Amino acid sequence: MTYTLISGSSRGLGRGIASYLRDKGEKVLTNSRHLSSELKSSDHFVFDCRNRDEVADAVLRISKKCELENLICVVGSGAIRHKESSLQWSENFEANFFSAVILFEETIRKFPNLKNVVFISSIAGSIVTGN
């Protein structure tokens, strides 16, 4: 049996995609940085995609549970404001870009036969131009 791993599934697009696929009968694994009562299940993995060690450990646990066929990266947070410092931009970039790269790299090591990989970033939809 094959599964889809959806990162960033505690809210927003990730949560919606996970819900949609489950409704269609797909086997879905979810991920978030923090555990909430809504997400408690054996198919939910808590790890921070910015932390390579946490990701590697979670992917190892997933590999012992099932075979992944699809990876959908919807990790990220924050809003980009035009007056942010370079440090704030760097933190946003780490959360919204490099976290997906880390997840992909660690996942493809354990699951070299992934059929589909999708990267989604919704932060562009929340660019703020005011104060």
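Of the contacts in the chain with a separation of 6 or more, 62% are accounted for by residues 24 or more positions apart, where contact means heavy atoms within 4.5 Å. The structure is a predicted model, in which local features need pLDDT of at least 70, side-chain atom pairs count only at pLDDT 80 or more, and totals for chains, interfaces and linings use all residues. Residues are numbered from 1 along each chain as its sequence is written, and side-chain values use heavy atoms, with hydrogens and water left out.

The mean pLDDT (the predictor's confidence in each residue, from 0 to 100) is 85 for the chain, and 83% of the residues reach 70 or more. In residues 127–131 the pLDDT falls below 50, and this stretch has 9 contacts in the model beyond near neighbours in sequence.

The chain contains 3 helices and 5 strands, arranged along the sequence in the pattern β-α-β-β-α-β-α-β. Helices (H or I, at least four residues) and strands (E, at least two) are DSSP runs, numbered from the N terminus.

Of the 131 residues, 36% count as buried; buried means under 20% relative accessible area, exposed over 50%, and partly exposed in between (1.4 Å probe, protein chains only).

Ile102 lies in helix H3, which covers residues 86–110. This residue is buried because its relative accessible area is 13%. Leaving aside neighbours within four places in sequence, Ile102 is in contact with Cys49, Arg50, Arg52 and Val55. Ile102 and Val55 are 47 residues apart along the chain, and their C-alpha atoms are separated by 7.6 Å.
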